[in-house]
Amino acid sequence: MDFVMSTNNLVVEEMMCCAACGAAEAENIKLKKCTACYLVRYCSVKCQKDHRPQHKRACKKRVAELRDEILFKQPESSHLGDCPICCLPLPIDHTKSN
């Protein structure tokens, strides 16, 4: 069971139906997720194009959130230390330690 943010910021259970026409997923209908935000599903390109005006604002917001999550995700720090700017491991001069 998937949970997603709706356009009015409420968490709702993701429906297995087309966001435009409401067609449920079946053997002959394969729903495809929006490739930008992954929040909604569509049964056809026509439904996706028809629903675009209603979905555009929420889609752009979610895409920005996903981009920020990736951009600002902190890498795992090593025990040697990482540069806070480029996140590369800092060289350790063993002659100066101790």
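Y38 is partly exposed, with a relative accessible area of 47% (buried means under 20% relative accessible area, exposed over 50%, and partly exposed in between, using a 1.4 Å probe and protein chains only). Y38 sits in the loop between β3 (32–33) and β4 (41–42), and has a positive phi of about 65 degrees even though it is not a glycine. The model is a predicted one, so local features need pLDDT of at least 70 and side-chain atom pairs count only at pLDDT 80 or more, while totals for chains, interfaces and linings use all residues. Residues are numbered from 1 along each chain as its sequence is written, and side-chain values use heavy atoms, with hydrogens and water left out.

**The overall layout**

- The protein chain has 1 helix and 4 strands (helices, H or I with at least four residues, and strands, E with at least two, are DSSP runs numbered from the N terminus).
- Going along the sequence, the pattern reads β-β-β-β-α.
- Of the 98 residues in the protein chain, 18% are buried.
- The accessible surface of the chain is about 8100 Å², and carbon and sulfur atoms account for 59% of that (areas come from the Shrake-Rupley method with a 1.4 Å probe, and for residues only the protein chains shown count as cover).
- Take the contacts between residues at least 6 apart in sequence: 28% of them join residues at least 24 apart (a contact means heavy atoms within 4.5 Å).

- Mean pLDDT for the protein chain is 77, with 69% of its residues at 70 or more (pLDDT is the predictor's confidence in each residue, from 0 to 100).
- Confidence is lowest in strand β2 (residues 11–13), with a mean of 38, and highest in β4, at 94.
- Residues 1–13 have pLDDT below 50, and this stretch still has 20 contacts in the model beyond near neighbours in sequence.
- Where pLDDT is low, the predicted coordinates should not be read in detail.

**The core and its cysteines**

- The largest nonpolar core has 10 residues: C18, A23, L31, C34, C37, L39, V40, Y42, C47 and C59 (such a core is a set of buried Ala, Val, Leu, Ile, Met, Phe, Trp, Tyr and Cys residues joined through side-chain atoms within 4.5 Å).
- A search of the whole structure turns up 0 disulfides (a disulfide is a pair of cysteine sulfur atoms within 2.5 Å).
- C37 is in no disulfide, and its nearest cysteine sulfur, from C34, is 3.7 Å away.
- C37 is buried, at 2% relative accessible area.
- C47 is in no disulfide either, with the sulfur of C43 the nearest cysteine sulfur at 3.7 Å.
- C47 counts as buried too, at 11% relative accessibility.
- Setting aside neighbours within four places in sequence, C47 is in contact with C18, A20, C21 and Y42.

- H55 is in helix α1 and counts as buried at 4% relative accessibility.
- Not counting residues up to four places away in sequence, H55 touches C34, C37, V40 and Y42.
- V63 is also in helix α1 (residues 45–72), but V63 is partly exposed, at 31%.
- Beyond neighbours within four places in sequence, V63 is in contact with A36 and C37.
- A36 lies in the loop between β3 and β4 and is partly exposed, with a relative accessible area of 34%.
- Although A36 and V63 are 27 residues apart along the chain, their C-alpha atoms are separated by 6.3 Å.
- Leaving out neighbours within four places in sequence, A36 is in contact with C59, V63 and L66.

**Charged pairs**

- Side chains of opposite charge can pair when their charged atoms come close.
- The whole structure has 5 salt bridges (each is a side-chain nitrogen of Lys or Arg within 4 Å of a carboxyl oxygen of Asp or Glu).
- K30 pairs with E25, their closest N and O atoms being 3.7 Å apart; K30 counts as exposed at 56%, whereas E25 is partly exposed at 28%.
- R62 forms a salt bridge with E65, at 3.3 Å between the closest N and O atoms.
- R62 and E65 are 3 residues apart in helix α1, so about one helical turn separates them.
- D68 forms a salt bridge with R67, with the closest N and O atoms 3.4 Å apart.
- Through salt bridges that share partners, R62, E65 and E69 join into one network.
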